[in-house]
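Here is a quick tour of a two-chain model, written for someone who likes to know the cut-offs. Have the viewer open and follow along.

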Amino acid sequence: MTNSDDIPGMAEDDDNSLGARFRRFAVPVLSFAAGLTLLLSGMAWGAIQVAKDNIASIDVAGAMIVGLIGGAIVVATFRKWPTLTQGDPVTPRTRRYGWAMVALIAFSMLITLVFARPSGGGLANDLYSNGPLPTDLAVGAALLWLVSMPLLAAITRRNMDEVERDLLIFGESAGFRFFTTVAPAWWLGYRGGVLPQPDVMILFVGVLIASFIANMARRLT
Amino acid sequence: MKNRLKVLRAERDWSQAELAGRLDVSRQAVNAIETGKHDPSLPLAFRIARLFDMRIEEIFDDEL
């Protein structure tokens, strides 16, 4: 019977060290994240200049260049690694999964641009505050979120393989545990007068971070 | 659960990616199954068995 170690090239394939697993996953993901960050930064930068009637300014040109570079990196990354991992076979299922992931991330980031609207408080205050939004904008964005997120989640879940689904469930479970641990404690602390009022969006971000960390830890160990 | 997937793959000179493509799963899934980190579902175990033209218990063994 053949031993897999006897076959040339198989050793690299079977390298399960932490570094190898991190490299296989982190390189495409970081490349994609960097491209997406540049793309959306360019979009936000441009949108702010347009809102300020600075259409003819050098900032708009700069925003376009940054956005285009980011878009090129995203497209190149996705063409090279459609599943955002190295060495994965490209099949119709993985392509659908890859596109669903791209749509999910792009859509999530697009929604955040709703909040990148300048006012007297400045961009940072608008982005990270609980300040009021125009009713039409807020309701429209909320409805878009409510319709699109379940749809994208269903498409993504349907097209992932069972190992990826296990990782997702593990991450989601950690996020749920984070919420059930932190939210009541924060609420009790607030009622006891020792903590500020619980902020749902801070909890939301906390859940996402806990899910992501758990998913990555499971993936790499 | 122990399994002979890595050896069967090696006998055919397939890479993990190649086997993953034949099973329509990710390379990571093949790796996880080979290293015993993930026990495949029954449908996937059947796909693996059919691919190698073997019975499931000839590939997977919970008593090894």
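## The annotated stretch of chain B

Residues 5-59 of chain B carry the UniProt annotation "domain: HTH cro/C1-type", which comes from an unreviewed entry. UniProt positions are given in the numbering used here, feature names are shortened, and annotations may be inferred rather than shown by experiment. In the model, the end C-alpha atoms of residues 5-59 of chain B sit 7 Å apart, and the span is 67% helix and 0% strand. Helices (H or I, at least four residues) and strands (E, at least two) are DSSP runs, numbered from the N terminus.

Some housekeeping: this is a predicted model, where local features need pLDDT of at least 70 and side-chain atom pairs count only at pLDDT 80 or more, while totals for chains, interfaces and linings use all residues. Residues are numbered from 1 along each chain as its sequence is written, and chains are lettered from A and ligands numbered from 1 in the order in which they are written.

## Two helices of chain B

How do α2(B) and α3(B) pack? Their axes are 8 Å apart and meet at an angle of about 105°, which makes α2(B) roughly perpendicular to α3(B). Axes here are lines fitted to C-alpha atoms, for helices over the stretch in contact, with angles running from 0 to 180 degrees between N-to-C directions. Angles under 35 degrees count as roughly parallel, over 145 as roughly antiparallel, 65 to 115 as roughly perpendicular and the rest as oblique.

On the α2(B) side, B:Gln16, B:Ala17, B:Leu19 and B:Ala20 meet B:Arg27, B:Ala29, B:Val30 and B:Asn31 of α3(B). Two residues are in contact if their C-beta atoms, placed from the backbone, lie within 7 Å. Sorted by class, this helix pair has five nonpolar, two polar and one charged residues. Ala, Val, Leu, Ile, Met, Phe, Trp, Tyr, Cys and Pro count as nonpolar, Asp, Glu, Lys and Arg as charged, and the others, Gly among them, as polar.

## How enclosed is α3(B)?

Eight of the eight residues of α3(B) are buried, so the helix is largely enclosed by the rest of the structure. Buried means 20 or more other C-beta atoms within 10 Å of a residue's own, exposed means 12 or fewer, and partly exposed is in between, with C-beta atoms placed from the backbone. The buried residues of α3(B) pack against α7 (162-191) of chain A, and also against β1 (2-3), α1 and α2 of chain B. Just past α3(B), B:Gly36 takes a positive phi of about 80°.

## Where the chains touch

The contact draws on 23 residues from chain B and 20 residues from chain A. In chain B, α1 (5-11), α2 (16-23) and α3 (27-34) are the elements giving two or more residues to that side. Its make-up is eight nonpolar, nine polar and six charged residues.

## Chain A and one of its glycines

Chain A has eight helices and zero strands, and 18% of its 221 residues count as buried. Its domain assignment, an automatic or database one, gives domain 1 (4-160) and domain 2 (162-221). Six residues of domain 1 of chain A touch five residues of domain 2 of chain A.

A:Gly67 lies in helix α3 (residues 58-80) of chain A. With 19 C-beta neighbours inside 10 Å, A:Gly67 counts as partly exposed. Leaving aside neighbours within four places in sequence, A:Gly67 is in contact with A:Leu39, A:Gly42, A:Met43 and A:Gly46.
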